[in-house]
Amino acid sequence: MAKVMMVASEAAPFAKTGGLADVLGALPAALVRLGMKASVVMPKYRGLHPAGVELVLEGMPVWINHFRHRTDIWRLYREGVAFYFVDAPWFYDRDGVYSSYGNDYIDNHLRFAVLSLAALGIARQIEHPDILHSHDWQAALAPIYARSWFANDPRLAALKHVFTIHNLGYQGRFGKQILWELGLDGSQFHPGELEYFGDLNLMKGAIIAADFVTTVSPTYAREIQTAEHGFGLDGLLRDRSARLTGILNGVDYAEWDPATDRYLPAHFDAANLEGKAACKRALLEAMGFGAEAHDRPLIGVVSRFAAQKGFDLLEPIGDELMKEDVTLIALGSGEPHCEWIFHDLTDRHHDKVRVWHGYNNGLAHLIEAGADIFLMPSRYEPCGLNQIYSLKYGTPPVVRATGGLDDTIDELTGFKFGEYSPAALLSTLRHALQCWRDREAWEERMRLGMGKDFSWDRSAAEYAALYRRLLGE
Ligand code: ADP
Ligand code: GLC
């Protein structure tokens, strides 16, 4: 039975800032259901001490550059998956996961170097996996250290490395001086390995060190090999194309199903849509709207507010859109400019727009259920999970045809536009609002989306097949 160990900076329900956590919270359990053994290694962030967690390794040293960092390793079994939490309070006992008050921690490279080395320690001392599967730049140092420092360690020699790119927009790029802080050998600092235009680029290093690279949708796997979406790594990714594939993310329907969702005031499914109206009412009330909003179509947004998500398209057309009979509710936080776009719209159209600023899981579920239309106009989107959730919640999405949005939404279940322009977004939204008025056809559209199955089992089977191939089975 093949054994996989995953390394990542977040996993639901333990720590989450975005879709990466959803994947790490569900994929390993799906692999276990397929008969594999799976574990996950992540930091023990502030306040993270789930019931039943046990200390399994006390004082495991992590050495970087003659400095000894002390870590305690905790473990919890959940759905058959061993979750290991790396306890190093100096690095992880902080307000945020990556940043405080919008500023990235200046020692993030070290924080995640400790995570990667601790994972290799757990691999050597406890888990003995066949596959080490690292996710995004925060875990990129795992294959890099394994293939350099530990190249001759018999306990790691046979290990195969898979690296998954969840977002090429975040590469873990640092000044050259960081090389020394990470204890990396200067001989690796050249364009064929870790160097990227004079800087250190961890994601690049992992792409080179790994046996296989995956990303989270087939279309994004193609897009990142183009100059437009390659963030400067498209040439490298084209070179590696024989060892690069896109596996679409799945959805954890135990968490995201309107028939059972614990955050909803009423439940519904494709056979009985009635409860959706109660969810809409609860959402409108929670956001301070009166009864007049009940009969208007409601557009929902749940998002990190980052340039990637495309909300700059809304800025020039906001006033035009608000001439329509419509309500807009947005939940999110992030980059100041993006926050400002929503705050400005709320100020000028308070009768129709509300934004809830921050992170709120319960409200995210209620928006998926209570909205009529879900909006996700991303500039690029590796996979995207919210649009897939919205299908299940009978909330047809308006999306830009890019990456995973293009792979998961069609014209029957949602609305797509190709050109990245405010005009294209506006006309697609107007079309969606128009369609909403034809109740019978709209419910047909809802039901079609609700019937789609994006459960993890299919994606997990693809990962399992890839692991088997790498292991020569
Ligand atoms: P990304 O990972 O790029 O942010 P995804 O669509 O893959 O985009 O996943 C986003 C996940 O984070 C979803 O589960 C979504 O519900 C959640 N999410 C995003 N922003 C918020 C927020 N402000 N409050 C609660 N959940 C959020
Ligand atoms: C990233 C991407 C998102 C994807 C998620 C999980 O955060 O931005 O598109 O769904 O990772 O793979």
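**A walk through the chain, starting at a proline**

Let's begin in the loop between strand S1 (3-7) and helix H1 (19-33), where Pro-13 is found. This is a predicted model, and in it the peptide bond joining Ala-12 and Pro-13 is cis, with omega at about 5 degrees. That is worth a look, since most peptide bonds are trans, and most residues other than glycine have a negative phi.

His-128 is not a glycine, yet has a positive phi of about 50 degrees. You'll find His-128 in the loop between helix H3 (108-127) and strand S8 (131-135). With a relative accessible area of 45%, His-128 is partly exposed. Phe-197 also has a positive phi, near 45 degrees, without being a glycine. Its relative accessible area is 70%, so Phe-197 counts as exposed, the cut-off being over 50%.

Strands of a sheet pair through backbone hydrogen bonds, either parallel or antiparallel. In this case 3 strands make an open sheet, ordered S10-S12-S11, with antiparallel pairing. Strand S10 (173-174) and strand S11 (195-196) are the edges, each pairing on one side only. Between S11 and strand S12 (residues 199-201) there are 2 bridges, in the antiparallel sense. Leu-200 in S12 is the bridge partner of Glu-195. Helix H6 (residues 202-209) lies across S10, S11 and S12, and runs at about 50 degrees to S12.

Now jump along to helix H15 (residues 422-437). Its 16 residues reach 23 Å from first C-alpha to last, close to the 22 Å expected at 1.5 Å a residue. An α-helix has 3.6 residues a turn, so residues three or four places apart point the same way. With that in mind, check the buried residues of H15, among them Leu-425, Thr-428, Leu-429, Ala-432 and Trp-436.

Finally, zoom out. The chain has 17 helices and 20 strands. Its radius of gyration is 23 Å, close to the 23 Å that the globule rule gives for 473 residues, so the chain is as compact as a globular protein of that length. The C-alpha trace spans about 70 × 45 × 40 Å along its principal axes. Buried residues make up 62% of the 473. Among contacts with a separation of 6 or more, 71% come from residues 24 or more positions apart. As for the surface, the chain exposes about 18,600 Å², and carbon and sulfur atoms supply 51% of it.

Technical notes:
Residues numbered from 1 in each chain as written. Chains lettered and ligands numbered in written order. Predicted model: local features only at pLDDT ≥ 70, side-chain atom pairs only at ≥ 80, totals over all residues. Heavy atoms only, no water. Pairing = 2+ DSSP bridges. Helix = DSSP H or I, 4+ residues; strand = E, 2+ residues; numbered from the N terminus. Contact = heavy atoms within 4.5 Å. Axes fitted to C-alpha atoms, helices over the stretch in contact; angles between N-to-C directions. Rg over C-alpha atoms; globule rule 2.2 N^0.38 Å. Buried < 20%, exposed > 50% of the residue type's maximum accessible area, 1.4 Å probe, protein only. Areas by Shrake-Rupley, 256 points an atom, 1.4 Å probe, with all protein chains shown as cover. Expected span 1.5 Å × (residues − 1).
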